[in-house]
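Hi,

Here is the structure I said I'd pass on. Have a look at it first, and then read my notes below.

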Amino acid sequence: MTWKAMSAQRAADIVDFWLAAGWPQTPAQVQQLGEGIGWTPDDDEMMENGADGLSEPAVAIVSMPTGETASLNFWVTDIVRDLGDEGEEFLDDQYALVVREGVRRWGEAVLSDSGGRSAQWDHADGARTVVARGKRSVTVDFTTPQYAQVLRELGE
């Protein structure tokens, strides 16, 4: 079986793009900005990442009650439906590559093994990035400085 993944550099470049975006932004503003990295606006505060050719192109944009963007989540790998040893190895390798690139750019990560593996960075501007190795894919969740502050206040 052959699965696709964006390069670790591309995943980190996308995070760096959002770090530089200047927050707060509304979901509509995020959709406009996302066109700069090859994403296209979709309905209902979503975007589509057609640029990387992955099996799941949806990019979820989550907003806060204030109307500001809270976070966006995108896939780094195809969704691996038939895992097996080969699929597990593919996901483990892709996760390791993205985490290594994140450490190179943003410093040490807080690693977790609860409910799947993840690596978390809290950036100087207050934003948060989590790279997650889920059961069937590797994803990146970028949390805006405004919402990351809410999460910190909640002890998360």
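Before the notes, one cut-off to keep in mind: a residue counts as buried under 20% relative accessible area, as exposed over 50%, and as partly exposed in between. Also, please remember that this is a predicted model.

You'll find V62 in strand β3, which covers residues 58-63. If you ignore the neighbours within four places in sequence, V62 is in contact with T69, A70 and S71. I also checked V62 against L111, which is 49 residues away along the chain: their C-alpha atoms are 24 Å apart.

Now the chain as a whole. It has four helices and eight strands, and going along the sequence they come in the order α-α-β-β-β-β-α-β-β-β-β-α. The radius of gyration is 15 Å, close to the 15 Å that the globule rule gives for 156 residues, so the chain is as compact as a globular protein of that length. Along the principal axes, the C-alpha atoms fill a box of roughly 45 × 30 × 25 Å. Of the 156 residues, 44% are buried. As for contacts between residues at least 6 apart in sequence, 49% of them join residues at least 24 apart.

The helix pair I'd turn to next is α1 (residues 8-19) with α3 (residues 84-106). They pack at an angle of about 45°, and their axes are 8 Å apart. That angle makes α1 oblique to α3, and the crossing of the two is right-handed. On the α1 side the contact is made by A8, Q9, A11, A12, D13, V15, D16 and L19, while α3 brings L97, V98, E101, R105 and W106. Sorted by class, that contact has eight nonpolar residues, one polar and four charged.

One last thing, about the backbone. Which form does the peptide bond from W23 to P24 take, cis or trans? It is cis, with omega near 5°. In general, most peptide bonds are trans. P24 itself lies in the loop between α1 and α2, the latter being residues 27-34.

That's what I have for now.

Cheers

How values were computed
Residues are numbered from 1 along each chain as its sequence is written. This is a predicted model: local features need pLDDT of at least 70, side-chain atom pairs count only at pLDDT 80 or more; totals for chains, interfaces and linings use all residues. Side-chain values use heavy atoms; hydrogens and water are left out. Axes are lines fitted to C-alpha atoms, for helices over the stretch in contact, and angles run from 0 to 180 degrees between N-to-C directions. Angles under 35 degrees count as roughly parallel, over 145 as roughly antiparallel, 65 to 115 as roughly perpendicular and the rest as oblique. A crossing is left-handed if the near helix is turned anticlockwise from the far one by less than a right angle, and right-handed if clockwise. Contact means heavy atoms within 4.5 Å. Ala, Val, Leu, Ile, Met, Phe, Trp, Tyr, Cys and Pro count as nonpolar, Asp, Glu, Lys and Arg as charged, and the others, Gly among them, as polar. The radius of gyration is taken over C-alpha atoms; the globule rule is 2.2 Å times the number of residues to the power 0.38. Buried means under 20% relative accessible area, exposed over 50%, partly exposed in between (1.4 Å probe, protein chains only).
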